[in-house]
Amino acid sequence: MGEKSRETSSPWSSTILLVKITSADGLVGYGEAPTTLMTLPVLESMKEVARVFNGKDFFNVERNVFDFYRNSFYLPVSMEATSALSAFEIASWDLIGKQLGTPVYKLLGGEVNQKMRAYANGWYNDCVSPDDFLKKAKEVVKMGFTAMKFDPFGDNYDSITNDGLENARNIVGTLRSELGDKVDLLIEYHGRFSKIAAIKAGMALEEYHPFFYEEPLHPDLDHDLLDLKNYYRVPIALGERVLNKKIFARFISQKLVDIIQPDLTNSGGILEGKKIAAIADGFGIPVAPHNAFGPIQTAATLNLDTTITNFIIQESFEMFWPDWKKKLVSSGYKLENGYFTLTNEPGVCKVNEDIVEKYQVSGMEPFDDKEPPWVVSGTFKPYRQK
């Protein structure tokens, strides 16, 4: 579902995929899968997951997931298959909670965190210059956020020019100077750089005390992360492209990462997320879940956040979504003054079926050959000082 136009806050999520599972007595559970230029492949994978889950006891989450793992030969290395499976897993928990009349977090160990600190993302569309970023960053602070994430690297990809480094420094330096030290700045790299460029960019920005650097390297260069840590004094965060607990265990045990960012919609769902957090906790690693798609994902992620002792901060696009996303879920959580809370309804959340019906679309998400879909709209361009 979605709109025909390209979403500005998160173009990669101009469409989202929902799965609706129905129990024998008519109860309904919803799950969500990401798209990011893979809408139709994930949709086809959902049909394969359905063949395994159809007719099964939805309470047997572990067994049903493992059954698909047994059958899906490429699952551990397939974002499409894992995303499809994650949607069914989340929908199963939604259905279980509604069947039992309880929020999902109470089935996962109960409440540890009553409210979850959020950081804003998706706020900086069409920002290129330091002044562009500062104007919108001040609006974010007025909303109550005490942390914000952004990508200051323009159209630099794989390598970075001296002008690109200077502009990134000016953007981050301006925000630090004008917003002060009480606002945390989280630097998004989007996995765009090779090692030398990542080193240059990281060293250029560290004096502004970023909260973390997210995905500083191309994801297939993860063997270079240890080299980066020899240069960085800022924590490295990653995880949105890590597909399961076993792969996370390798990153964590080999000391390649300082903060993990599992995405429940492409790493196996809620129960797998709980296991990932437990592995991280055994190594003293905090969890800051990735959350860049839709409100069912947010609700599912918050049900996990509530239960884990090593939660640190939660990504949020909510304030910058188009109206259809804001209205898709009618209850499940709230975002006020930069903090999330759950509203304690049974299951994961309550979905507005009228919005689901109204905003159904077909085909792939919009494509712009001048700007990749993984950046916030209007930011993949050079800044030329006037």
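This is a predicted model: local features need pLDDT of at least 70, side-chain atom pairs count only at pLDDT 80 or more; totals for chains, interfaces and linings use all residues.

Reader: Is glutamate 272 buried or exposed? And how does lysine 245 count?

Author: Glutamate 272 has a relative accessible area of 13% and is buried, because buried means under 20%. Lysine 245, at 24% relative accessibility, counts as partly exposed.

Reader: How many salt bridges does a search of the whole structure find?

Author: The search finds 24. One of them joins lysine 47 to glutamate 44, with the closest N and O atoms 2.9 Å apart. These two residues sit three apart in helix α1 (residues 39-53), which means that about one helical turn separates them. Lysine 47 is partly exposed, at 46% relative accessible area, and glutamate 44 is partly exposed as well, at 43%.

Reader: Which residue forms a salt bridge with glutamate 7?

Author: Lysine 325 does, and the closest N and O atoms are 3.2 Å apart. This pair links distant parts of the chain, 318 residues apart: lysine 325 is in helix α11 (residues 323-328), and glutamate 7 is in the segment before β1 (17-22). Both lysine 325 and glutamate 7 are buried.

Reader: Now the strands. Why is strand β5 described as largely enclosed?

Author: Strand β5 covers residues 184-188, and five of the five are buried, so the rest of the structure largely encloses it. Look at each face in turn: Asp184, Leu186 and Glu188 are buried on one side, and Leu185 and Ile187 are buried on the other.

Reader: Which strands pair with β5?

Author: Strand β4 (residues 147-150) pairs with β5 in the parallel sense over four bridges. Phenylalanine 150 has isoleucine 187 in β5 as its bridge partner. Between β4 and β5 the chain passes through helix α5 (residues 162-179), and this β-α-β crossover is right-handed. Strand β6 (residues 213-214) also pairs with β5 in the parallel sense, over two bridges. There, glutamate 214 in β6 is the bridge partner of glutamate 188.

Key: Residues are numbered from 1 along each chain as its sequence is written. Side-chain values use heavy atoms; hydrogens and water are left out. Buried means under 20% relative accessible area, exposed over 50%, partly exposed in between (1.4 Å probe, protein chains only). Two strands pair if DSSP finds at least two bridges between them. A crossover is right-handed if, with the strands pointing away from the viewer, the path from the first strand over the helix to the second runs clockwise. A salt bridge is a side-chain nitrogen of Lys or Arg within 4 Å of a carboxyl oxygen of Asp or Glu.
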